[in-house]
Each structure stands twice: as structure tokens, then as C-alpha cells.
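Please go through the questions below with the model open.

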Amino acid sequence: MASSSSSGAGRVAGTLALRSGSAVPAASLIPGLPDDVAAVILCLLTFPDQSRLRATSRAWRLLLSAASLLPLRRSLRLPRRHLLCLFPTDPSLASPILLDPAAPTAWWPLPPLPCSPQLYGLANFAALSVGRHLYVLGGSCFDARSYPLGHPSPSAAAYRLDLAHSRHYWERLPDMQIPRGSFACAPAPSGGVVIVAGGGSRHPTFPSNGSRTDSTEWYDATARTWRGAASMPRHRAGCVGFVAHGAGDGGEDEFWVMGGYDGYTTLGGVVPTDVYCRNAVALGLWSGNWREIGDMWEEGERRRLGPVATLSADDGMITEVFMLDGNDIFRYAFATNRWLREATTRRRIPNTESCGFVSMNGELYVLRSAKIPVEASGPWRQLKKKLALEFQVYNPGTKKWRVLTTHPPVDAPIDFRTAALCTVEL
């Protein structure tokens, strides 16, 4: 292992002088250390530290770029590493923030989305990553130019940020063909492609109103264009999506859409309420056809689908799908189309509180925003409550829990009913 690590680091570090285009021998990465050892040290740093250190020198900028860093991590046989990206609220007003689980006290702010003087209150947008790129798609917002004023409108806007650049900025992409918020989306296995389906115009300010759509489209990053696909069997919004490898007939890869709502009804003819979907639909990525999948639970078992997180193998293919329902985690059984109880959270979360659910590095993270007592500095040593983010981390392989707490750079508790979460793989 030591010899392979040393040779891998030496190959990457040795190419820096060639990539710089200079005939003069490059200076050492870290004076007094061999370049292969220095490359390993820099490779093991957390993402916030690597981002800050890119500006140290040209050699460091080359080594800490994605083109050099990713092959080096593979040659060292280091495990896959994910970052958590949190969007506390409207990303045009509050900066998204990154967290490296290897350093849970180090948050790294990203620039906010470009702000529009007419649009405000963006919510129900989708955030996902494809390689080193972070995407923000669609959503629901208010338009000061619309009439009647105060009615939400779906957005077709698409933005992308390259995390490999030393200076982060959002790039405006071509708009989606159909404006939408609260929709299902996922990256395709081939890379460079994002699939979106369903959605509507609902906004958290008016949770009982809004349109729905059954349209499907995908973004081709190479051609920089959106292309239409077959529509879903019926309208659906508030749903989640993922790509299941080999789940279809003949081992076909499929884009699955689960949960959400497809209609409205009233209680007593007065109070509006959603009609939630208990089934799922799947789009064959080769055939281009949708197939319907039966109900995933019986009537009365649960009201709606909870937050969903997926685990993938080393090749990026999704192997497990999990759902958080109250304080219980369920595993989806593809063979029986049922949710099976997997575990119960270590610390109980009240039903009145919202929580996030995401997977990173082969583990499931349950996020909860709370204020915890901390001892203030000063002669009186008084206890004060400070805003914190609690992570309950579950490992499906070992069936064990761990709990950690961090303090994000936000001024108000995070409402995970409106906040967006995604992970970025390095």
C-alpha cells in the first residue's frame, strides 16, 4: 500500500512542472519535503482548507484542481468523499454553505445566486451535483410584474457552479422548457445529463394552491440544451427522483419518480387537502417509456412519502434507497415494492420539528436545527443558547449510530420543509 501510494503521488506531483509549461524546474510543493509526501498531505486536507490554499502558488493551484486531485485520490485508494451543500433559504438572498464531514466545524460559504429586481421568495427549487458541478434548477417564486400580485409562479431558470474553480461563481444556463418547482430530478449514469420530471407552481406561502405538470425533460451539458422526453402517466408534484441501475426489464436503467401529490380534495367540502401518491413510476432510459409501479404501502400505513436518500456503490450506481418517516428509517425493497423498517433515530425528534435527510460517504444523516446551551466567555460563565445543527448519523453496514453537533453560519433556525440539501462528491 505504501509503495502504491508513493508512486501515485509521485506521478501526479511530477506532472505539475509539465502542466505549467515552463522549462525551469518547479519549486518544491512544501520546502523540505519530497513532492510525493507533500502531495499526499495536501490531498488529505479538508475541502475548505484546499479552497483557501489554491491561491498559495501556481503548483498548489494545479495540484488542488479537480484534474489532479481526483486521480491522486484514486491512486491512493482513498475512500469517496462527499460534501454537504445546504441552502437555508432563498439562495439569491442567503449564501449556500458547504460542509466537509471530515471537519464538521468548518463551513464554506458559496456566492448567492444572481439576484433579480423583479423576482423574490424563491423556494421549492432543486439542488443537485453532477461531478464537480453544482446545479440549482427551477423553483417557485413571486414576480413583481405579474397580476394578480402575490400569486406564485414557477421558474424555468437553471444555474451551475464549478467547485473546481478557485473563484466560485454561478453560470446561467439555458432555461428549462417547462417552468416547474417541487419536481423530481437526478443525474443520469452517463454523466453530464440531468433529468427532471413533474412539478408545479406551489409555494410555501400558499401551500393549498398551485399548478401541476406531467412533463419530462433532460439537460445535455455537452450541447447546452434541454430536450423533451415522454410525459409521465399523470400530473405529479412534490415528488423525488433517482436513477436505479438495472431495475427495468432486461437490466435497463430507469429514472424513478416516487411520492408527491397528483390532485386535491376537500375535507367537509371546505378545507383543501392534497391527494398523495402511494405509487411510483419509472422511465426507461433506453426505451424512453414509462411504466407504473404499484402502491408501496397499504391504506392507513402512512399518509405520504417522507424524505428519501440513496446510497450508491463505488461506481456511482444507486444500490439502496431509504426513507425517513417520523423517527424511523425504512429501506425500500425493489423485489416486493415495500418499505421495510431499518432503524429508529438515536434521539427522538418531536413531530412539530422538521428535519433533513441525506446520504454521505455510505452513511445516512438526519439533520435537525436546534438551540443548545453553551457556556459564554466572561467572569460570570453564564449559559447561553446558540444555534446548532445536530447530525444523527446511521451506518447501514454496521447498524450503528453516532451523533455530532456543529454551528452553521446562519442567523435563524433552519426550516427543512423549505431548505434544500444535496451532496457533492469529490
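Q: Is W226 buried or exposed, and what is its relative accessible area?
A: Buried means under 20% relative accessible area, exposed over 50%, and partly exposed in between, with a 1.4 Å probe and protein chains only. By that rule W226 is buried, because its relative accessible area is 5%.

Q: Which kind of aromatic pair do Y219 and W226 form?
A: Rings of Phe, Tyr and Trp (its six-membered ring) pair if their centres lie within 6.5 Å; planes under 30 degrees apart count as stacked, over 60 as edge-to-face and the rest as tilted. Y219 is buried, with a relative accessible area of 1%. The two rings of Y219 and W226 are 5.1 Å apart centre to centre, with 45° between the planes, and the pair is tilted.

Q: What is the angle between the planes of Y332 and W339?
A: A pair of aromatic rings is described by the distance of the centres and the angle of the planes. Y332 is buried at 3% relative accessible area, and W339 counts as buried at 5%. Their pair is tilted, with 5.1 Å from centre to centre and a plane angle of 55°.

Q: How reliable must a part of the model be to count, and what is left out?
A: This is a predicted model, in which local features need pLDDT of at least 70 and side-chain atom pairs count only at pLDDT 80 or more, while totals for chains, interfaces and linings use all residues. Residues are numbered from 1 along each chain as its sequence is written, and side-chain values use heavy atoms, leaving out hydrogens and water.

Q: Which residue forms a salt bridge with E254?
A: A salt bridge is a side-chain nitrogen of Lys or Arg within 4 Å of a carboxyl oxygen of Asp or Glu. E254 is buried, with a relative accessible area of 2%. Its closest N and O atoms in the bridge are 2.7 Å apart, and the partner is R291.

Q: Where does E353 lie, the partner of R368 in a salt bridge?
A: The closest N and O atoms of R368 and E353 are 2.5 Å apart. R368 lies in strand β26 (residues 363–375), so the pair ties together parts that are 15 residues apart in sequence; E353 is in the loop between β24 and β25 (356–360). Strands (E, at least two residues) are DSSP runs, numbered from the N terminus. The place asked for is the loop between β24 and β25.

Q: Over which ring does the charged end of R302 sit?
A: A charge sits over a ring if NZ of Lys or CZ of Arg is within 6 Å of the ring centre and within 35 degrees of the ring normal. The charged end of R302 is 5.3 Å from the centre of the ring of W297.

Technical notes:
Helix = DSSP H or I, 4+ residues; strand = E, 2+ residues; numbered from the N terminus.
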